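User: Could you walk me through this one? I'd like to go region by region.

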Amino acid sequence: MSTGTTQHPGLNGQQKADRMSESSSFSGPVLRLIGAAFAYPGEGEVLHGVDFELAPGERVAIVGESGSGKSTLLHLAAGLEAADRGEVHLAGEALAGLDEAARTRLRRAKVGIVFQSFHLIPTLTVLENVMLPLELATDANAAERRERAGRQLTAVGLGDKGDRYPEALSGGEQQRVAIARALVHQPALILADEPTGNLDSRTGETIFGLLLEQVRATGCSLLLVTHSHELAGRLDRVLTMRDGVLQLSEATEGVPA
Amino acid sequence: MSGLVLRAWLRDWRRRPLQRVLTLIGVIIGVAVVLAVDLANQSAQRAFDRSMDEVAGAATHQVLGPASGFDEAFYRDLRMAGWRDAAPIVEGPARLPDGATIYVLGVDPLAEGPFRGAASDIGDAPVQRLVTEPGTILPPAGWFRASGEAHEARRVLEAAGGEHEVTLIDRAAERDEGPGEEAGDGAADDMGASLWVTDIATAQVLLDRLGRLDRIDLRLADNEVEALAAALPAELELVAVESRGQAARQLAQAFRINLTAMSLLALLIAAFLIYNTQTFAVLRRREVIASLRLVGVGRRAIFGVVLLEALLVGVIGTVLGALLGVALAQVLVAQVAQTVTDHFFAVAVTGVTPRPLALAAVFLLGVGLSLAAALAPAWEAARAASPAGTGRGGLERRARGWAAWLALAAIILLLAGVGMIVTGAGALVGGFVALFLLIAGFVLLLPWVLAWTLRGLAALVRGVTLPRIAVRSLERSLSRSAPATSALTLALAAAIGVAVMVGSFRGSVEQWLGQALTSDLYVVPAAPASARGGARLPEGWTAGLVAQSGAVSVSSGTTQEVVSDRGLVDLYVVRPHGDWLQYLPLLETAVPREALGARLAADDAVLVTEPFAAHHDVGLGDRLSLAAAGGRRAFEILGIYRDYGNPQGTVLMTQAAFARGGAPPDGVGSFGLRLPEGADAEQAVERLEAWLAEQQRAALVTRPGDIEQESMAIFDRTFAITHLLRVITLVVAFIAILGALIALQMERAREFATLRSLGLLPGGVRGLVVLQGGVLGVFAALAAIPLGLGMGWLLIEVINREAFGWGMDLRLPWVEVGETVLLGVGAALLASVIPAWRMARMRLVPALREVP
Ligand SMILES: Nc1ncnc2c1ncn2[C@@H]1O[C@H](COP(=O)(O)OP(=O)(O)OP(=O)(O)O)[C@@H](O)[C@H]1O
Ligand SMILES: [Mg+2]
């Protein structure tokens, strides 16, 4: 896995070891779907057999029509829903063989999620929101958690707003917090579902840039759903969701924006 | 109103059946409890009234004599002298073989007509057989049906005159009617009809009153009263009927007030429950309101659907609740009847119908409060046209603002309450007003205290993210967590308050019994406990008792109802042991204690009990005009002592004082024997029993332990109903907190889903929810301790003292307080199990998709 070699400001030996033990035991694809199919209870099938692989450090965009199943795919990848048929492997582990608790443990160690509608915890301050994954997924002590979260907040440009509650932030700022929260525990994979969908295009542009920069800085993989072909074009690969399967986009470059 | 709007609103019943059903259950339970308590309360009142009316009938006045009755010849003289509207009565309690206590009324059927015809159905009853066949008796209407007997039955009755077999006659059958369709067999006959009517001659045998009467009922015009009073011999008194019932009515009043207090409490808790569930039912769907408003649905249409639903839930819940309440009332009514029987009369309350006022009250509670609780948030939500404006955030911010205002109001109420107590304004009613001011003040203060407690807790767990989430979300949902916590606090405080009151009372009674029972053995007439007051033993037994038991000292005591200038009072005439004053729990005396014994024996002087002093508003040095041997004399009150034996109060007089100027009372109510140091009590009992078996009168030997046990059993039965009510309020509070926790968690579903997606394990979610329940439970339990102790103190020092005249030593039942605290925390934890389980198993994706 290549992430260990990436530069990350202020990453000390201990934290490196931390990260290694969390994410380096496996060096195959971070995410792998084999013929994954899914239907919501009582509805027709949404995904008909998705085959897909995401290499370490790779950044992939998924586009497609509304209702085509993009979000559903991310949910399967995160282990929030279980595939009806086929296999989903996260960091080399087959999700089907895991119970709810084990899936949750795997998710919190390997995955960071950025939602379209931020999903910050309103009862926690911004800093506490960012500390949350550290508390859940690592055994860093309180001071360490505070320090790492603070650093991550500074990295997204909100170092001075850690004591505020989410309701006192703008949408763009809230999404920055969400990005910081998704990255703070150095997961192997970031799943982002239209992270700029709730923001105006200029703010969206900034946030997207920030996300890419942070992903690059930590060296993790990214699977991103977006409606913007222009933004999608800035990633390594663009796939289209159509008729319940993923297809390689006709033209990865030069798509009309 | 558009069908789609209606559908948009009501669809929730299919989507979240558990929550909507909880709303309905909230209304049902709330209504049921309030109605049941009111029914029990009202049945107690009816039982008293009816017993009183039945016994007194249409009489305006009664001629009364000594407790042992007076010569029946006087009745003949009275009629001869032209007083025709008069009916002789012999009455008293008796016991059926199955242990039930009944009240026997012996009448002269020929003279009865105008008196009790309506009340006890004697007017057209088969009087012929009562007169011609000795040993026949008419049970109350409906007794035959209830007991499953044919039209005639034989039973052995145990009463003051010993055991006698009597023939029970069915009134209905004698009138040649089918048993199922007795004339006048309406509610009136079912209720309280507890009199067993017989001919006076039979009653005289049963009740040991040969040749004697207990009273004569009269109907007098105002101008006749004085003439008759003047014509009466010295041992007889003419008493107006109202004054007779007064003391008992006063007591009934006190008993009712305690019940009313409980029912108001139940009402308060039920109101919390209904408010909470109904408000939640609307708030839960505020996005529906917002979206409907956005597409242009008018405010009125939204109100229409909310109103319709609240009305349906309110009406259905009220109807079901009323049915459940009537069923629950049967249990309570049985308890009430037992209490009344133990203390006052033998009553049989078999059924009650809710009175219109109570029905109106529960309707207002069930339907009115449902509407108010649903419409207020609907109005709030409909006012804002955008979904953003309807978020809970705004509401909760306002709730926190209210908390401060409520706290201010609370402090005013608390001050007013304390002021009332300090100044002692308003006596009994004032005591209750003060009690409710304090409770209301305390409850209104709770949200504010809760908010600050949670804030403090949140600061305490800074940096420990998960507990902080739990605590902060409680604080942010104050409009939800505060009412539920208040309900639980109230229920727990009531439990503690009652425990303090009953515990103190019980302790004081136990201690008093230990002091009052200063003999080693007692010899009492063989009669049911409630009839013992009227039964007598021969005075001349003293020598025989000493000879058989080897007693070193014999005391005797006789209670009788005598006429006084304060109406009829209970007079206890004693021939005490020499050292009796050492044991008597005297509260205050007019003369030094050493001199008291001599004064009581030599002068016209008495002692009175604490309740007597309170009810009749008399004190040391006051004089009572009492009918003692030889007629009325004035007696000075030399002391007041503590006594729980007679809630109406007792006057204590030595036999020496009583008999001066006439004969001692004929007969003794009980003998007390002091055995020599180290004597074998068993042996003494055996010898006494053998000796008693040879005597004409049936008597028993009892020990202080037996009397204590019997008294405490009655005591415990009296308060069984309060325990029952305590359980009921706790159940209601449990449902309230369950509803609140479910509501809280449902509102936070999206947050929980987020946490789960970030990696919180299902067990962690359970932990969070249970932690929230625990925090609320601990808070409620801790808050309940001061409130409960305060309520207990007030019940003892103000309310019971005013109502009963009983003083008692405050005892803090720490064990019960501890139990109640554990119960509260346990209830809250238990109530969090269901939401915890639901939250942990929640499907994440739909919850994540929810609109924030
Ligand atoms: N809870 C659900 N129950 C049933 N069907 C659902 C549910 N959630 C989504 N669907 C259906 O599954 C399909 C895929 O939904 P999904 O949210 O994955 O689409 P998407 O590609 O993310 O769309 P968008 O770009 O609009 O976000 C849709 O047709 C939708 O109707
Ligand atoms: Mg989507």
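User: Let's start with Arg7(B): which helix is it found in?
Analyst: Arg7(B) is found in helix H1 of chain B, which covers residues 3–10; please keep in mind that this is a predicted model.

User: Which residues gather with Arg7(B) in the patch of positive charge?
Analyst: Arg11(B), Arg14(B) and Arg15(B) gather with Arg7(B) on the surface, where they make up a patch of positive charge.

User: Switching to nonpolar surface, which residues of chain B form that patch?
Analyst: The nonpolar patch is formed by Leu308(B), Leu311(B), Leu312(B), Val315(B), Ile316(B), Val319(B), Leu320(B), Leu323(B) and Phe363(B), and together they have about 760 Å² of accessible area.

User: Which helix gives the most to it?
Analyst: That is helix H14 of chain B, residues 299–343, which gives eight residues to the nonpolar patch. Leu308(B) lies in this helix, and with a relative accessible area of 33% Leu308(B) is partly exposed.

User: OK, chain A now. What's the strand order in the open sheet of four strands?
Analyst: The order is S2-S1-S4-S5 in chain A, and the pairing is antiparallel. Strands S2 (45–54) and S5 (93–94) of chain A stand at the edges and have a single partner strand each, so one side of each has no neighbour in the sheet.

User: How many bridges join S1(A) to S2(A)?
Analyst: Seven bridges join S2(A) to S1(A), the latter spanning residues 31–39, and the two strands run antiparallel. Within this pair, Phe38(A) stands opposite Leu47(A) of S2(A), while Leu33(A) has Phe52(A) in S2(A) as its bridge partner.

User: What sits between those two strands?
Analyst: The hairpin of S1(A) and S2(A) has five residues between the strands, and in this hairpin Gly42(A) takes a positive phi near 75°.

User: Where is Asp617(B), and is it buried or exposed?
Analyst: Asp617(B) is found in the loop of chain B between helix H23 (610–616) and strand S17 (623–628), and with a relative accessible area of 67% Asp617(B) is exposed.

User: Now for helix H27(B): how many of its residues are buried?
Analyst: Nine of the nine residues of helix H27 (749–757) in chain B are buried, so that the helix is mostly covered. The buried residues include Arg750(B), Glu751(B) and Arg756(B), as well as Phe752(B) and Leu755(B). Just after H27(B), Gly759(B) takes a positive phi of about 120°.

User: Last one, Gly431(B): buried or exposed?
Analyst: Gly431(B), which is found in helix H17 (residues 427–460) of chain B, counts as buried because its relative accessibility is 4%. Gly431(B) and Ile421(B) are 10 residues apart in sequence, and their C-alpha atoms are 7.1 Å apart in space.

Terms used: Residues numbered from 1 in each chain as written. Chains lettered and ligands numbered in written order. Predicted model: local features only at pLDDT ≥ 70, side-chain atom pairs only at ≥ 80, totals over all residues. Heavy atoms only, no water. Patch = residues over 30% accessible without salt bridge, like charges linked within 9 Å, V, L, I, M, F, W, Y side chains within 5 Å. Areas by Shrake-Rupley, 256 points an atom, 1.4 Å probe, with all protein chains shown as cover. Salt bridge = Lys/Arg side-chain N within 4 Å of Asp/Glu carboxyl O. Lys, Arg positive; Asp, Glu negative; His and termini not counted. Charge placed at Lys NZ, Arg CZ, Asp CG, Glu CD. Pairing = 2+ DSSP bridges. Buried < 20%, exposed > 50% of the residue type's maximum accessible area, 1.4 Å probe, protein only.
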